[in-house]
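Subject: Structure for your review

Dear colleague,

Please find the structure below, together with its sequence.

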Amino acid sequence: MSQQSERTSYDVHAVETRWKRVWEDLQPYVADDEAVLSGQREKRYALTMFPYPSGDLHMGHAEVMALHDVIARYWRQRGYEVLNPMGWDSFGLPAENAAIRNDEHPATYTYGNIDTQFESFKHYGMSFDWTRRFNTSDPSYYRWTQWLFLKFREQGLAYRKNSPVNWCPRDQTVLANEQVVDGHCERCGAEVTKRELTQWYFKITDYAQELLDDLDVLAPTWPERVITAQRNWIGRSEGAHVDFVVEGRDEPLTVYTTRPDTLFGATFMVVAADASLADQLVTDGHRAAFEDYREQVRKRTDIERQSTDRPKTGVDLGVRAVNPLTGDPIPVYAADYVLADYGTGAIMAVPGQDQRDWDFAKVFDLPIVRTVQPPDDWEGEAYVGEGPAINSANDDIDLSGMGVDEAKRTTIGYLEQQGLGRGTVNFRLRDWLLSRQRYWGVPIPVIHCAACGEVPVPEDQLPVELPELRGADLKPKGVSPLAAAEEWVNVDCPQCGGQAKRDSDTMDTFVDSSWYMFRYVSPNDDTQAFDPVLANAWMPCDIYVGGVEHAVLHLLYARFFTKVLADMGLIDFREPFKAQLNQGVVINQGKKMSKSLGNGVSLGDQLREFGVDAVRLTLVFAGPPEDDIDWADVSPAGSLRFLQRAWRLAGDVSSAPGVDPTTGDAALRAVTHRTVREAEGLIEGGYRFNVMVARVMELVNATRKVIDTGAGGDDPAVREAAEAVAVLLSLVAPYTAEEMWERLGHQPTVANAGWPAVDEALLVQETVTCVVQVRGKVRARLEVSPEVSDSDLEAAALADPGVQRAIDGATVRKVIVRAPKLVNIVV
Ligand code: ANZ
Ligand code: ZN
């Protein structure tokens, strides 16, 4: 035995210090563009969501990073050229609010945390290519965010409009629909209100259908809940636009309905109280009441407005419309349960088939006409189900007896032919509101000139840099702090040279993160946003690892950007992320970690106590990646004990590197080769890293047994097994794996050792012969696995044709199974 092997454990922290330095020297994770462009190696792009720099890394980061690195390191071992980049999503409210709290500049706070996190990532042993790192708050990055904004604007995909928007009273900024969760600000939790404002939008609705269709392509490799969330968010529905004549008005009142078949039952109409349409329709005698009502409505959130358990409210606008099928005059109301920014902001109300309309009709004493026959035992109010059409005929059209679908088609056909409406598709998806009234973001590169209007900042003047505003008050005031930065805001108009003002809003940080995966392919290019040749070579990303909380926001926006870039001819693919993996949450004692519960687990403390590898191994081994991990149920101490066990194997190997393994212990060799093959399947088929770790543990035990009771450390099969353990462990525990690799007499680094070659011949399981007797006579001999179960063996015996012939239809009284050697059938 070598001297080294007499040590029974390694010093975790000394090992970390040492290998960190070696990796710094060797730079084993730098992705080689040439290798991919030349076709020398196949590429894999492993992306994980980049962090906000608010504080140091925590247990949540530790989990997602450990999982992500398994994939990146696996691909590297398999011989792919791997792009595994990391940077920082460094603009945005968390940093700005924290900076205000701590009374310092957001840049100081942000870049300080980035330095801390950078060191932590390196300590955590992530296989990132640090030569590609960038921050979205660097002018060299956001210059291109601005450039992309201008390109979108040129195509009509970025525009300004005035409309009621979601307003967070605490953060004093507008929010995208996606950032409002159950009526509250996603960031700070304050109740969101509505405000009328002129804001910038991205026209994501132009891509609604494609964003929906391509989900079918992604479905096999994306988590189901993300696909479902996106489908619901896009919310496609099919229906019709129907034009209603309004007495005393030239313009028709057009509604969107998903139930054109119920048109005969439309006994009144409702317009969103806050839509300008309502303001146009209201007659003088009703104006005062209407304006009063509208004031109240403006204070309500969309959630409140649509909640079904609130009593219905509204005001009569004093005008009448005409039901195009019955010819009856019907009243027009303004109410809050109809939303201004969905469909046309107006509905035809069919109380017989729609419960909201039913409730409204009851409050205002309006007629209810059923147009679908409910079942005989129906005791409810509005009936939304299937049934034959009733009360639905006039001289030109008769829907009587038709089912819902046929009645819909027939009505749409009739409306189209009469010029009274048309079939249409509607989406719940709204355009993306991107401007924010806050400081720490990308300035919108537009200048407003009294004479020329909206003027884009010329490309050669990008970036429009954020003024430093040292010492300025960044507290939210409802207008961007930039508006007050006189020297910055006042500029000459690039078109006419006259006095003009810069747009003082900044972009939603989701703009920054919608294209960052492109920037990694050429992060230092100062001539373009990204190199299209490299983008086409490296992308789409082969895996995207991150939290499911981004199911609709970030992932939908990134998909939208990709489609626009494809339409601009810059790239030849239309989806950015081929596959996706969502990790679970790290909790403690059954609950989310929180300061108030005092159940927080500090990543720093865990790393100090058990070391990086033990923490990583614990997180990977805890269960399937998607499951939550309760830190109270896992054992980092146990993980460390296992790692030391694995490490001791390497010290006990006494054969020389390169020794021919074929003369070694055959049983151990079989276990080694089976483990490697199984690991491939477990990683590629469903990310079952925890099971892979369990198999490595078994391999370590099998190897230990041969060392202690078999031929000892000199057996070449022991070396083969220990080397396999080192490579497999390198995916999870890079420090321990490096130590093992070195002790096994190899040069660093194990990261590039290469995946162990599997000898197919060793995978063939040995078999034993099982004798099957019927009435005491041997009727068949079966080749079976030595581990076959009694029930499997019985089934195989009874299914054998020779056995069946011997039984010949007689009743089987008893089957005696002595696996794996004997089955005795008594008839
Ligand atoms: C008449 C009708 C009869 C309706 C019926 C439903 C059932 P989805 O599926 O979500 O697209 N609607 C249209 N615009 C609206 C708005 N701005 N605010 C609130 N509700 C609105 O829903 C479409 C249905 O929601 C439309 O079909 C309309 O009511 C209502 F038996 O028209 B329906
Ligand atoms: Zn001008």
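Predicted model: local features only at pLDDT ≥ 70, side-chain atom pairs only at ≥ 80, totals over all residues.

Ligand 1 sits in the second largest pocket. Around ligand 1 there are 16 residues, of which Ser 237, Thr 257, Leu 339, Tyr 342 and Gln 353 come nearest. By class, this shell is made up of 8 nonpolar, 5 polar and 3 charged residues. Two strands, β9 (253-257) and β13 (346-349), each contribute at least two residues to the shell around ligand 1.

- Tyr 342 has a polar side-chain atom 2.3 Å from an oxygen atom of ligand 1.
- Thr 257 has a side-chain N or O atom 2.7 Å from an oxygen atom of ligand 1.
- Leu 339 takes part through its backbone, where a polar atom is 2.8 Å from a nitrogen atom of ligand 1.

As to surface, ligand 1 taken alone exposes 640 Å², and the protein buries 84% of that area.

Ile 587 counts as buried because its relative accessibility is 16%, and the cut-off for buried is under 20%. Between Ile 587 and Gly 600 there are 8.4 Å in space, C-alpha to C-alpha, and the two residues are 13 residues apart in sequence.

Yours sincerely

Methods: Residues numbered from 1 in each chain as written. Chains lettered and ligands numbered in written order. Heavy atoms only, no water. Near = heavy atom within 4 Å. Polar contact = N/O pair within 3.5 Å; in protein donor to acceptor, adjacent residues only side chain to side chain. Areas by Shrake-Rupley, 256 points an atom, 1.4 Å probe, with all protein chains shown as cover. 1 Å grid on protein atoms, 1.4 Å probe; cavity = no way out; pocket = protein on both sides within 12 Å on 5 of 7 lines; lining within 4 Å. Sits in = over half its atoms within 2 Å of the grid points. Helix = DSSP H or I, 4+ residues; strand = E, 2+ residues; numbered from the N terminus. Nonpolar A, V, L, I, M, F, W, Y, C, P; charged D, E, K, R; others polar. Buried < 20%, exposed > 50% of the residue type's maximum accessible area, 1.4 Å probe, protein only.
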